[in-house]
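I opened this structure to find my way around it. I kept short notes as I went.

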Amino acid sequence: MTTVHLFPDEPHGPRPAWQVIDAAREMRLTGELTLMTTPMSRIYLRDGVVYFADKATDGGLGIRLVLEGVLTRAQLSNGTVLVNGAEHLGRLFERDATVDRDAVELAVEMFVDDVLTQVAEEPVEHWQIALYKRHPSGVDRWYPHVTRVLTRVVERAAPAAEAPVTPERAAVAPDATAPQPPLAAPLAAPAEPLVDEPVVEPV
């Protein structure tokens, strides 16, 4: 487990679970927050957002969804990938297009709300944080990843101030309102060169 000081400026002691959860959210943590409640509670966060929560006594997510009536056993079988003996539901909706995604996600939200409301006021003195640890069911894959776009504001330089007009500059500066002389027409080139011919007198 990683040591993360959620309350670095406060003395250690028991405090309501909601304070611990909110501190992890404010720090935008990603991972598993384990609260030493009775029974033990686990809160899963990504970028400070709680996407799942359960208790040590809860069953697997797949069977809970079947008991909730939002999945059939056939859908669960089709959508489950077994990894090291664990049921991974991260690709549930891709593997079985008949699954009602809205119903499944709503059921998961209800599971999370039940855990959070039950432990909110329970005093906890000890907790553990496993950074970047995901829920083994892969439920975090159901939700889009948050992409932060950082923008940098570049201050544009102010245009250079024009030099003040001095009497010397005013004397040489052309007056735009004064009439300007017409432009001289270009000289036309002669059509043929002029040649002096000798004059022949009669004999």
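The entries below go from the whole chain to single residues.

**Overall layout.** I noted at the outset that this is a predicted model. I looked up the secondary structure and found six helices and eight strands in the protein chain. Read from the N terminus, the order of elements is β-α-β-β-β-α-α-β-β-α-α-β-β-α. The protein chain has 203 residues, and 33% of them count as buried. I then checked the contacts between residues at least 6 apart in sequence; 60% of these join residues at least 24 apart.

**Helix 2.** Which residues of helix 2 are buried? In this helix, residues 61–68, I listed Leu61, Gly62, Arg64, Leu65 and Val66 as buried. I followed what the buried residues of helix 2 pack against: strand 4 (49–55), helix 3 (73–79), strand 6 (86–88) and helix 5. After helix 2 comes Gly69, and its phi is positive, near 90 degrees.

**Negative patch.** I searched the surface for gathered charge and found a patch of negative charge made of Glu68, Glu109, Asp113 and Asp114. Helix 5, residues 101–119, gives the largest share of this patch, with three residues. I picked out Glu109, which lies in helix 5. Its relative accessible area is 44%, so Glu109 counts as partly exposed.

I kept a general rule in mind here: most residues other than glycine have a negative phi, and most peptide bonds are trans. Where is the cis peptide bond? I found it joining Thr38 and Pro39, with omega about -5 degrees. Pro39 sits in the loop between strand 2 (31–35) and strand 3 (41–46).

Next I looked at Asp47, which is not a glycine but has a positive phi of about 55 degrees. Asp47 belongs to the loop between strand 3 and strand 4.

Tyr132 is in the loop between strand 8 (127–131) and helix 6 (167–172). Is Tyr132 buried or exposed? I put it down as exposed because its relative accessibility is 68%, and the cut-off for exposed is over 50%.

Definitions and conventions:
Residues numbered from 1 in each chain as written. Predicted model: local features only at pLDDT ≥ 70, side-chain atom pairs only at ≥ 80, totals over all residues. Heavy atoms only, no water. Patch = residues over 30% accessible without salt bridge, like charges linked within 9 Å, V, L, I, M, F, W, Y side chains within 5 Å. Areas by Shrake-Rupley, 256 points an atom, 1.4 Å probe, with all protein chains shown as cover. Salt bridge = Lys/Arg side-chain N within 4 Å of Asp/Glu carboxyl O. Lys, Arg positive; Asp, Glu negative; His and termini not counted. Charge placed at Lys NZ, Arg CZ, Asp CG, Glu CD. Helix = DSSP H or I, 4+ residues; strand = E, 2+ residues; numbered from the N terminus. Buried < 20%, exposed > 50% of the residue type's maximum accessible area, 1.4 Å probe, protein only. Contact = heavy atoms within 4.5 Å.
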